[in-house]
Protein chains: 2
Amino acid sequence: MLIVQKYGGTSVGDLERISSVASRVIKTKEEGHDVVVVVSAMSGETNKLISYAEHFSKNPNKRELDLLLSSGERVTSALLSIALNELGYNSIALSGRQAGIYTNDTHTSARIEKIDSSKIKNHLNQGKIVVVAGFQGFTKDENVSTLGRGGSDLSAVAIAGALKADLCEIYTDVDGIYTTDPRIEKSAKKIDKISYDEMLEFASLGAKVLQNRSVEMAKKLNVNLVTRNSFNENEGTLITKESEIVEEPIVSGVALDKNQARITLRGVVDKPGIAAEIFSKLATNNINVDMIIQNVGQDGTTNLGFTVPENELEKTKEIMSKLNASSDLEFDRAVAKVSIVGVGMKSHSGVAATAFNTLADENINIEMISTSEIKISMIVDEKYGELAVRALHSAYKLGE
Amino acid sequence: MLIVQKYGGTSVGDLERISSVASRVIKTKEEGHDVVVVVSAMSGETNKLISYAEHFSKNPNKRELDLLLSSGERVTSALLSIALNELGYNSIALSGRQAGIYTNDTHTSARIEKIDSSKIKNHLNQGKIVVVAGFQGFTKDENVSTLGRGGSDLSAVAIAGALKADLCEIYTDVDGIYTTDPRIEKSAKKIDKISYDEMLEFASLGAKVLQNRSVEMAKKLNVNLVTRNSFNENEGTLITKESEIVEEPIVSGVALDKNQARITLRGVVDKPGIAAEIFSKLATNNINVDMIIQNVGQDGTTNLGFTVPENELEKTKEIMSKLNASSDLEFDRAVAKVSIVGVGMKSHSGVAATAFNTLADENINIEMISTSEIKISMIVDEKYGELAVRALHSAYKLGE
């Protein structure tokens, strides 16, 4: 097999950790696989470099920032390759450019445009373990670019796609994806397999293991992703095509997001363009609106509710007060979003009814509801968030 | 004018120092000059990275080591460029590759083979201040290379040569070249102008400001070098062609090297090839032999004396004892080398006689003498080293 392994910042957090990564890479190689390793900067390094840059400028020149930030991953890749060579394994460290990762020129959040896979392949054909500095590429003007948040994951997935690798393992400090947060519900179980779409829902609900960009790319390039823990030998969670998952559970997991605030406008004049005006104003101010619910009100007016991240509530208040769209504006930061995710919902009826009944049985009032094909999200009073999660986790028998 | 400025590790030692460098660069730009800045890694960074590499291997893979070490200068160049841009000056940071510095593939001590000066020129033509990461280049295989000790100076001189710059300023933490070490002789004066050849002699005598490789390259490329102190506004020392120095002093300076050990072999059989055998054996063991003196002895034998750096004496002893070249082998680590340097010697007689008389007047015995066209070196008892320097400094009126 050809396996791409990506190790994040805590997995290469210090020199001992890099040694430990070297052992794991060698173990994979010894099992007969070809290995490409993608590494992040040692944890703390990127933040240190950013703080250096911010010493000189609140808004550092992005091209130079990329030259600066790319050095962290180069250091890790060189060190890991030195360690592998010392242990008797022919290895080569490659910068983003040397690995043939071409991006557009949107510095600090560049998009990968093309991977010249011949560069890595040549080294693999010579039996080498290829270590690639993650998070970076280069532009057609030969400038160094970086890919933004979660960039090393993107590097790994893109390389796995370009090489048609059998597996792309993403190593972090957690075992994988859980049916819910184990700190809330002790019976939470690690999920063995999950579909790309479910993972996308989990990621947008705040699961920190993988970011949406990487999962989307894996889906597009048909890359089998596995998230694993570099601190133990446990099997991780495989993220793959829906068709690969033979026995789908109806619901895969339950997620809780307490970083939500609810805004309610009552008595909005019900004429075309009002909602557009509100939400385009919020968008130009970079407010991330999550759920939006509109209900018919009285006398030709309508009630509009939506949620934003709690830390954007103050800014939202300010913008809304200027709009004068309604005389009746309510804000509530004490809300939580509870979501259930599962591809099985598509083919099973009654999933939503079970959720609503479960919360009713616990006397939890549902303030807002929003559904997608594979997700049901409910806004409840923040103090009932954990209780709602435990009740739903049990209702869908996720701990069994 | 087009000015290349190079700032060493202490000159960019922390963020405050980098700000101070930015001010100096801007001052030069505001005086109407085009400026190319070459920077070293922040002091301590390169050693830190080397220690990381040595954690994994006593003999790290040199190609990977170069990828690792080159990151230090990239960080400094990016930070300085961010600072300049923030202060309103259009600036661009370039890696060795982006600056068009091609080297051979002798990793960790690569030689510059070619500079594609169009790359820097294009940016200069757009009015930019160009900041280049020193110490690094790239090979025809597109690997990152580093230039070894004093590498950033080399980068600066090579760039100045390729761009036909009017001046190449090397900033360190000392004012320039002195007639002798001011800690030994208080009347020591900074030299305003000195020829390449004299500077080469001073450098080989241990003057730390510039290394021979850089001076040799400056001489070859006809680059006017100035060493200056980045911590003050003092004028430095100009190192230039002999013909540019109108009024040459006969002697430019006096140097002391206490890191010397003397080896004497008496009664060496005087037949061809004996000296060759000894010195090729020492050379293959990387012993840096400095002075070599051979005198006729008695009965067809010869006396051979030479000096090596004190820290290589033990190794030298070991090698010499195996050679069995002589039954009479003496070692003396308590010696010092006192040297006078000056291009004026070429055209003035009596310079050596003055030196010998001066030491005789102080009752200092001269144990070995070695001369070149512009240098006279004398080995004396180590305890008289400083006295000899002061006496010679006064004899040639260097403090006046």
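Guide: Angles under 35 degrees count as roughly parallel, over 145 as roughly antiparallel, 65 to 115 as roughly perpendicular, and the rest as oblique. The model is predicted, with local features needing pLDDT of at least 70 and side-chain atom pairs pLDDT 80 or more, while totals for chains, interfaces and linings use all residues. Residues are numbered from 1 along each chain as its sequence is written, and chains are lettered from A and ligands numbered from 1 in the order in which they are written.

Start with chain A. Helix H2 (residues 45–56) and helix H3 (residues 62–86) of chain A pack with their axes 8 Å apart, at an angle of about 155°. H2(A) and H3(A) are therefore roughly antiparallel. Helices (H or I, at least four residues) and strands (E, at least two) are DSSP runs, numbered from the N terminus. Axes are lines fitted to C-alpha atoms, for helices over the stretch in contact, with angles from 0 to 180 degrees between N-to-C directions.

H2(A) brings A:Glu45, A:Thr46, A:Leu49 and A:Ala53 to the contact, and H3(A) brings A:Leu65, A:Leu68, A:Leu69 and A:Gly72. Residues are in contact if their C-beta atoms, placed from the backbone, lie within 7 Å. By class, the contact of H2(A) with H3(A) has 5 nonpolar, 2 polar and 1 charged residues (nonpolar: Ala, Val, Leu, Ile, Met, Phe, Trp, Tyr, Cys and Pro; charged: Asp, Glu, Lys and Arg; polar: the others, Gly among them).

In chain B, look at another pair. Helix H1 (residues 15–30) and H3(B) cross at roughly 55°, and their axes come within 9 Å. That angle makes H1(B) oblique to H3(B). Here too the term is right-handed, for the way H1(B) passes H3(B). From H1(B), the residues B:Ile18, B:Ser19, B:Val21, B:Ala22 and B:Val25 meet B:Leu79, B:Leu80, B:Ala83 and B:Leu84 of H3(B). The contact of H1(B) with H3(B) divides into 8 nonpolar, 1 polar and no charged residues.

H3(B) also belongs to the meeting of the chains. That contact takes 26 residues from chain A and 26 residues from chain B. On the side of chain B that touches chain A, helix H2 (45–56) and helix H3 (62–86) of chain B each supply at least two residues. H3(B) gives the largest share of that side, 13 residues. The side of chain B that touches chain A has 14 nonpolar, 8 polar and 4 charged residues. Of the interface residues of chain B, 100% are also interface residues in chain A, so the copies meet through the same surface.

Helix H6 (residues 196–204) lies across S13(B), S16(B) and S18(B), running at about 145° to S16(B). Helix H10 (residues 351–361) lies across S16(B), S17(B) and S18(B), at about 15° to S18(B).

Technical notes. Contact = placed C-beta atoms within 7 Å. Left-handed = near helix turned anticlockwise from the far one by under 90°.
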